[in-house]
Every structure is written in structure tokens, then in C-alpha cells.
Amino acid sequence: MVEPTDSTLIRRTQQGDTAAFGLLMQRYQTAVFNTAYRLMGRRQDAEDATQEAFLRAYRALDRFDLKRPFAPWIKRIAVNVCLNWLDKAQNKTQMTATELQRPGDESPDMDQWVHHTPTPERLLEKQDQNARLRAGILSLSPKFRAVIELRHFQELNYEEMAALLKRPLSSVKSDLFRARKQLAQILKGVI
Amino acid sequence: MNEYNEQLLNEYLDGTLSDVQRQEAEKLLHDSAAARAFLADLQFTFAALDELDELPLMMDLSEPLLAQIESPTPTPIWARWLMLAQFTAATLLMIQLWPTIQSWLMNSRMATAVLIAELSWPQFSLGRMLVEWETAVIQPFQTGIPSLGLATNQWSLLILLAFAAWVAGNRLLFSDEGVK
């Protein structure tokens, strides 16, 4: 059975079929959750932000242009939700690496790694690197997290980032440079 | 290595440099071991970000959201108070305007009666029935209804408050940002 396209599901949602929106959400909720998690740093906050993003998307769906892809749009809504919440919370979500290792926040099952990583040593290295990278991203200020998210995970160019964040192009370039430099030092173990 | 050169190498990796700047960056990389080391660190960081795995969701978030969407939204308490404020404002305005409305109705009734008489409608005409009905409805209200007796500035303030309540209420109640 051919799965319905995003456009089909959106059109059905616009006609009042909420089950179609449910399917759309199931398709993208993991990706949106990871976007939110990279910005918020806590699983519960990320889940709440994910639901809020999809709720806003549902309310705005009647104005959605079907020619545009849905995934980048919903992720940008999630980024805006997270940045608004972070502004209000004022750095309450800064987390240490130790807090990141609480139960429930671990990496995926080991079985998923077996097919991609040939040796246990490489597996452990990768897990360690991912953990340090996640901790590093969360140690950045919210505006640095935002530019890393938009550039590396949503593949926006500088102009698109400046427009979304409503900041000057030079500031966005500078923030991205500083954020990357800070992450590079964290991965090297300098910080 | 200074910050200008570091930022140059950062944008070199993004591919956003002009031809002149790209040549400058490539010369820097050719001449400086520190520049090459910095670029290597950035490339490693880019690769690590690309390879960062997704965390799985522990639960399906669509079910509670769909339940929220499909359940009827109860009217918030503030919206009920707002509706009460609108009704009160409208009632106060009606009471204050009633003498003017009364006099308009009486004048229009008299004009209608004259018109009907001049047209010589038949005995059981619809027109006569309408006039008799109008008299029966209006007469009980012709005896004095107490007026608020407001001063001009108080009257103006009342109109302003009533209008504001009406506009705010309609804007909030009938827009997506409101009760929904």
C-alpha cells in the first residue's frame, strides 16, 4: 500500500480529517523532538515543545502553501517555540553533562549501532563523542544553539537564518563562527 | 592566528567567500600550519555534527495532541466575564439612549398612521393591524424609564468604555488568538 504524501495528509487535515494530521505528526515527531531537544536540553521540555509546535502548525495549516515541504516548516516552528521559551526561562535549561546522562536520555539501543560500527572500540568512541557534542551544544548560549541548529541540522544559509532569527547578517555569521569554535574546542577537550 | 583569519576559514568551509577571499584563504592554508590545524578542527566538528544520531521518542505524542484538538474548548472564565461586561455596557447604553429611541418611534408611528389614513386602506387592512400592534408593544414603555442622568463627560466615558468592551470582546471571541 502506497503511503499518502505529506500534501495529501495536509489537504485531508484542511478538510477536517484530524486522523490525517495524526499520521503527519507520527511521521515527523521524532525529527521535531530532536530539534527541540538540541535547543532545550531536557526530554520533558522537548516533548512539550514538540506538542506545542504541532499544535501551532495545526492551527496555521489552513494557510500552509502545499507547494512547500512540510518538514522544514514544522522544524522552524519548533525552533521559534523553543527560542521563545528559552527567552522566558532565561537560561534555566543550562545542563551539565552529568544531568544529560540521566535514565531515559541515553543513546539508542546498542543493536542499532552494530550494523554501522565495526568494532566495539569505535562504538564507544562514537558514543563518547556524541555525548560530548550534545553536552557541548547545551553548554552554548541559546542564540549560539539556535545558529548551530539552523545551519547544521536544518541546512539554512546565512540569509535565511538572519531572516528567521530577525537579526543582522553580520551578527548571525559571527555567532555561528563563535559557536563552531567553542564546539571544536570542546571536542578537542580544550574546554 | 587572529580572529579575522579564523572567521575567513570558517566561511571558506561554508563556501560563501568571494573569489578574492577564497584565494586569500587558500594562500593562508598553504603558508600556515596553524591555519591548517584550525581548519582540520572545524572540519572534524562539522563531521561530528553531521553524524550526531537522533534520540528516539519514548512515547507517541500524537495521541494526546489529537485528543486536545478534538475536545471542545471550554469557555474560559475571563471570556464569560467579558460577555457579561459587553451585555452590561449595551444595557446601560440602551437605557441612556431610550428617550431618544422613544421619541423616534413615536414620530415614526405617527408618520405611519398619517400615511395609512391618507391611503384609505380597507377596514381590516394589514396597515391598521400593524399600527395597533405597534401601539400595544410601545405603550407600556412610554411611561418613564429612569435615566442615568449623566454629565456630558461621564456620558462620553461610558460610551468609550462600552465601545472598547464591544471591540475587545469581538476581537478576542471571534479570532484564532482568542478563546481557542
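In this predicted model, A:Arg180 and B:Asp14 form a salt bridge, and their closest N and O atoms are 2.8 Å apart. Between chain B and chain A, the count of salt bridges is 8. Polar contacts between chain B and chain A come to 18 residue pairs, counting those in which both residues have pLDDT 80 or more. On the side of chain B that touches chain A, at least two residues each are supplied by helix H1 (3-14), helix H3 (33-51) and helix H4 (62-70) of chain B. H3(B) gives the most to this side, with 9 residues.

The contact as a whole involves 50 residues from chain A and 35 residues from chain B. The size of an interface is often given as the accessible area lost when the parts come together. Here chain B and chain A bury about 3900 Å² between them, and 59% of this area is on carbon and sulfur atoms. Within chain B, the residues that lose the most area to chain A are B:Leu49, B:Leu52 and B:Leu55, which together make up 19% of what that side buries.

The aromatic rings are the next topic. Over all chains, a search of the whole structure finds 7 aromatic pairs. A pair of aromatic rings is described by the distance of the centres and the angle of the planes. For A:Phe21 and A:Tyr58, the ring centres are 5.1 Å apart and the planes stand at 65°; because edge-to-face pairs have planes over 60 degrees apart, this pair is edge-to-face. A:Phe21 belongs to helix H2 (residues 18-40) of chain A, and A:Tyr58 to helix H3 (residues 43-60) of chain A, so the pair ties together parts that are 37 residues apart in sequence.

Are these two residues, A:Phe21 and A:Tyr58, buried or partly exposed? A:Phe21 counts as buried, because its relative accessibility is 1% and the cut-off for buried is under 20%. A:Tyr58 has a relative accessible area of 24% and is partly exposed.

Elsewhere in chain A, ring pairs link A:Tyr28, A:Phe64, A:Phe70 and A:Trp73 into a cluster.

Aromatic rings also take part in arrangements with arginine. A:Arg38 lies over the face of A:Phe153, 3.7 Å from the ring centre. A:Arg151 is placed over the face of A:Tyr158, at 5.7 Å from the ring centre.

Terms used:
Residues are numbered from 1 along each chain as its sequence is written. Chains are lettered from A and ligands numbered from 1 in the order in which they are written. This is a predicted model: local features need pLDDT of at least 70, side-chain atom pairs count only at pLDDT 80 or more; totals for chains, interfaces and linings use all residues. Side-chain values use heavy atoms; hydrogens and water are left out. Rings of Phe, Tyr and Trp (its six-membered ring) pair if their centres lie within 6.5 Å; planes under 30 degrees apart count as stacked, over 60 as edge-to-face and the rest as tilted. Helices (H or I, at least four residues) and strands (E, at least two) are DSSP runs, numbered from the N terminus. Buried means under 20% relative accessible area, exposed over 50%, partly exposed in between (1.4 Å probe, protein chains only). A charge sits over a ring if NZ of Lys or CZ of Arg is within 6 Å of the ring centre and within 35 degrees of the ring normal. Contact means heavy atoms within 4.5 Å. Buried area is the accessible area (1.4 Å probe) that two parts lose on being put together, summed over both. A salt bridge is a side-chain nitrogen of Lys or Arg within 4 Å of a carboxyl oxygen of Asp or Glu. A polar contact is a pair of N or O atoms within 3.5 Å; within protein, one must be able to donate a hydrogen and the other to accept it, and residues adjacent in sequence count only if both atoms are side-chain atoms.
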